[in-house]
Amino acid sequence: MSVHSSTRTQVAIVGGGPAGLMLSHLLHIAGIESVVVDNRTVEQIETTHRAGILERDSVRLLVDSGASDRVLTDGHEHGGISLRFGGVSHRIDFQKLTGASVWLYPQTEVFVDLHRARTRDGGDLRYGILDTEVTGVLDSPVVTYTDAAGARHEIAADLVVGADGSRSVCRDLVENARQYYREYPFAWFGVMVQAPPSAPELIYTRAAQGFALISQRTDTLQRMYFQCDPNEDPAQWSDDRIWDQLHSRLAGSDGFRLQDGPVLERTVLPFRSFVQSPMRHGRLLLAGDAAHTVPPTGAKGLNLALADVRVLAEVIERAIDKGDGDALDSYTERALSRVWKAQHFSYWMTTMLHRVSGATDFDEQRQLGELQTLISSNAGSTYLAEGYTGWPHH
Ligand SMILES: Cc1cc2nc3c(=O)[nH]c(=O)nc-3n(C[C@H](O)[C@H](O)[C@H](O)COP(=O)(O)OP(=O)(O)OC[C@H]3O[C@@H](n4cnc5c(N)ncnc54)[C@H](O)[C@@H]3O)c2cc1C
């Protein structure tokens, strides 16, 4: 097929999710041009529910870079979470332990803000495209794609960034990459429900039946999850069956009452820990879920994507504007030092709160012992608070 248009830019970005859009925004501030391509439409991305919790420095990045001020007005500051086990909730007070908070601000809103900021600043964003191909990553990268009308386009760039999420095609172009995996024998059943909030902050629950998480969205919409088998079919779950699971896992002696209502959406979310290293190959760099995924328990995925591109924007600026040829070399090490801390944190939160089939009585009691230690130890609670609110961006 003949090529309908050719564009030349400094950085071609594959994937216009939070990582790709934030990178494009930060590069624009640094005076560096980019083009973003994404094979989903803006509407599809705006209506797909995913992350909800932003770390302190993710909020600062959104605000200080001029991408969002809504996060401070429409987002909800949470100064802690509850850990619920043995039928009783125990609050971990982030503010008291670390002086930091997290913000409940859905990923869909982060996307809306970033998309609006790039559109306001005249960004070249191409959504709803097909058949992305990336070539020439060692010396002269070219991204080629088909538009919705079937015409083929190409973008030649100095650098190409793969911010194309957990099913990245870009990461397969990194030769001799090492991949680290961990699979988990469970998944999360996620629901969006029409109900008032049951609590002002998130409740992470460990129950005999398995894990549950009570989260919030608005005054009338709530997001909840419970541990399930990875092969569970959401279509087999009636509202009553879902509420039976959630009510029984949240039951307890402290008077907590879970508010219920119609289930508007149900999905099964697979669990995986994954890291690919290096995150650079020639003129190709990876960012966000394209290079690493974490289980959602620690609320780290979106935050890691934003932390990656903060470092990436800085090294690209040094490489392009200041001719610092070594800058790109430092990216993998700088990004992965945070990624591995977050991998550990997410793994730790997951294993502390989920039930594994085949667990012995010893395993069950040890897990409860760990939770008791955590809530009764200042050092233990502080570790959780530091990890959850996020290690400072450097
Ligand atoms: C249910 C759920 C709950 C979560 N909860 C949290 C949470 O509480 N906190 C948290 O921090 N994280 C959470 N996460 C993780 C978070 O959503 C991801 O880590 C985050 O979206 C990563 O951003 P990204 O930009 O790297 O990838 P994505 O958001 O996946 O964006 C990648 C983009 O690339 C596009 N793309 C893919 N392939 C191509 C291609 N070949 N050509 C062009 N474009 C392509 C996709 O359409 C997509 O828009 C959750 C995830 C899920 C699924």
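Student: Is the crossing of α3 and α8 left-handed or right-handed?

Tutor: The crossing of α3 and α8 is left-handed. Please bear in mind that this is a predicted model.

Student: At roughly what angle do the axes of α3 and α8 cross?

Tutor: The axes of α3 (residues 56-64) and α8 (residues 301-321) cross at roughly 55° and come within 10 Å. That angle makes α3 oblique to α8.

Student: Which residues meet there?

Tutor: From α3, Asp57, Ser58 and Leu61 meet Asn303, Leu306 and Arg310 of α8. By class, the contact of α3 with α8 holds two nonpolar, two polar and two charged residues.

Student: Now α9 and α11: at roughly what angle do they cross?

Tutor: The axes of α9 (residues 331-353) and α11 (residues 378-389) cross at roughly 125° and come within 10 Å. The two helices are therefore oblique to each other, and their crossing is left-handed.

Student: Which residues make that contact?

Tutor: His344, Phe345, Trp348, Met349 and Met352 of α9 make it with Tyr383, Leu384, Gly387 and Tyr388 of α11. Seven residues in the contact of α9 with α11 are nonpolar, two are polar and none is charged.

Student: Turning to the ligand, which residues come nearest?

Tutor: Of the 29 residues around the ligand, the nearest are Asp38, Gln107, Thr132, Asp289 and Leu302.

Student: How far is the polar side-chain atom of Gln107 from an oxygen atom of the ligand?

Tutor: That distance is 2.6 Å for Gln107. A polar side-chain atom of Arg50 is 3.1 Å from a ligand oxygen atom, and a polar backbone atom of Pro18 is 3.3 Å from an oxygen atom of the ligand.

Definitions and conventions: Residues numbered from 1 in each chain as written. Predicted model: local features only at pLDDT ≥ 70, side-chain atom pairs only at ≥ 80, totals over all residues. Heavy atoms only, no water. Axes fitted to C-alpha atoms, helices over the stretch in contact; angles between N-to-C directions. Helix = DSSP H or I, 4+ residues; strand = E, 2+ residues; numbered from the N terminus. Parallel < 35°, antiparallel > 145°, perpendicular 65-115°, else oblique. Left-handed = near helix turned anticlockwise from the far one by under 90°. Contact = heavy atoms within 4.5 Å. Nonpolar A, V, L, I, M, F, W, Y, C, P; charged D, E, K, R; others polar. Near = heavy atom within 4 Å. Polar contact = N/O pair within 3.5 Å; in protein donor to acceptor, adjacent residues only side chain to side chain.
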